Amino acid sequence: MTIASIAFGSLYRLHLAVASSVPKSAGEWDVRAADGNFKSGRSAYAEQFISRMDLSGTSTLLDVGCGPGTIVCPWPNGCPV
């Protein structure tokens with residue numbers, strides 16, 4: 001088997017079908033965000049990642065594709081509540 005022979009689109013659709021849950025409304029996400037129940041905490045990975053970034057003079061950080069906020073939450077002033 002080669003990487004070219006793998007049908008990633010089909011695998012992704014299958015994964016979505018198996019893992020999907022009931023979509024949440026914007027209001028439900030707002031309540032969850034206001035609750036501040038963030039599961040991300042300090043980790044060796046986040047500390048090492050942040051230590052290698054040149055953040056001098058930075059006042060904000062955009063964590064694209066962040067999942068639970070692995071990088072932003074441990075960053076000083078991260079995870080606004």
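## Overall fold

The protein has 3 helices and 0 strands, where helices (H or I, at least four residues) and strands (E, at least two) are DSSP runs numbered from the N terminus. Along the sequence the pattern reads α-α-α. This is a predicted model, in which local features need pLDDT of at least 70 and side-chain atom pairs count only at pLDDT 80 or more, while totals for chains, interfaces and linings use all residues. Residues are numbered from 1 along each chain as its sequence is written, and side-chain values use heavy atoms, with hydrogens and water left out.

## Surface and contacts

Of the 81 residues, 15% count as buried. Buried means under 20% relative accessible area, exposed means over 50%, and partly exposed lies in between (1.4 Å probe, protein chains only). The protein exposes about 6,700 Å², and carbon and sulfur atoms supply 61% of that area. Accessible areas come from the Shrake-Rupley method with a 1.4 Å probe; for residues, only the protein chains shown count as cover.

A contact means heavy atoms within 4.5 Å. Among contacts between residues at least 6 apart in sequence, 52% join residues at least 24 apart.

## Nonpolar patch

Ile3, Phe8 and Leu11 make a nonpolar surface patch of about 340 Å². Patches are made of residues with over 30% relative accessible area and no salt bridge; like charges are joined within 9 Å, and nonpolar side chains (Val, Leu, Ile, Met, Phe, Trp, Tyr) within 5 Å. A salt bridge is a side-chain nitrogen of Lys or Arg within 4 Å of a carboxyl oxygen of Asp or Glu.

Ile3 is found in the segment before helix 1 (8-19). Its relative accessible area is 65%, so Ile3 is classed as exposed.

## Around Thr70

Thr70 lies in the segment after helix 3. With a relative accessibility of 25%, Thr70 counts as partly exposed. Ser43 sits in the loop between helix 2 (26-35) and helix 3 (44-51), and is also partly exposed, at a relative accessible area of 29%. Ser43 and Thr70 are 27 residues apart in sequence, with a C-alpha to C-alpha separation of 8.3 Å.

Tyr45 is placed in helix 3 and counts as exposed, at 53% relative accessibility. The C-alpha atoms of Tyr45 and Thr70 are 8.7 Å apart, across 25 residues of sequence. Leaving aside residues up to four places away in sequence, Tyr45 touches Thr70 and Ile71.
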